[in-house]
Amino acid sequence: MKKAFLFAIASILFCGFIASCSAYRGFVSNVTRDDIKQLAQFEMYAHFGRVENGISIIDNDSVTNTAKSLFETELAHDKTLPVTETITISDNLVRNKVQDEIRWMRIYIDNNVPVKDLTIPPTIDSILCSRNVRFGLLIHNGGFYCPDGILKGPGSGIPVACEGSTRSAGIIVDSERKYLVYVATSNRNSNPLEAETYRKQVND
């Protein structure tokens, strides 16, 4: 069952939307790109909603699947990071655990938890160790789509022109040393159903 989130009436989201687009990218340990000979990419965690009546954001599988597919296509063309394999998890229980760990990693980063205090999540660590792969790439992509082009501000209800919002993150974890080695984030006020949105995010 789809559930409604009143993101649009929450000031934190509105302020984030009207702010300029932001991005961060960089290695956060003494590991460099040259040290990464093998990089296993986990399935992307994506979660998008659709704005209804300018206020409520409703979980939407169609928007999520389209946005995920568009982003994956752009990532496949990007050669910045040396992805050598893709990890597909058939067990739904394990898959859900991995997705949840990716989601929480993004929450910690968004809440400015120092990267040095974050360690590799246990399920992801176990999978990498079982494959004898040191580095894993985690990708998060979320946001919302405004079909009517309008988002109402919190409290005031003043409409603001809005196509949507996308928030992505790429995180490389180290199963040998148990910490994060690379973090890239990109937040854009743009339509999540257009390929150009993800082309720009990949290049941020």
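**View 1. E43 and its salt bridge to R95.** E43 is partly exposed, with a relative accessible area of 23% (buried means under 20%, exposed over 50%, partly exposed in between; 1.4 Å probe, protein chains only). R95 is partly exposed too, at 26%. Their closest N and O atoms are 2.7 Å apart (a salt bridge is a side-chain nitrogen of Lys or Arg within 4 Å of a carboxyl oxygen of Asp or Glu). R95 sits in helix 3 and E43 in the loop between strand 3 (39-42) and strand 4, so the pair ties together parts 52 residues apart in sequence (helices, H or I, at least four residues, and strands, E, at least two, are DSSP runs numbered from the N terminus). E43, K68 and R95 are linked in a network of salt bridges.

The model is predicted: local features need pLDDT of at least 70, side-chain atom pairs count only at pLDDT 80 or more, and totals for chains, interfaces and linings use all residues. Residues are numbered from 1 along each chain as its sequence is written, and side-chain values use heavy atoms, leaving out hydrogens and water.

View 2. V63, T64, A67, K68, F71 and E74 are buried in helix 2.

**View 3. E74 and R199.** This salt bridge has its closest N and O atoms 3.3 Å apart. E74 lies in helix 2 and R199 in helix 5, 125 residues apart. E74 is buried at 10% relative accessibility, whereas R199 is partly exposed at 36%.
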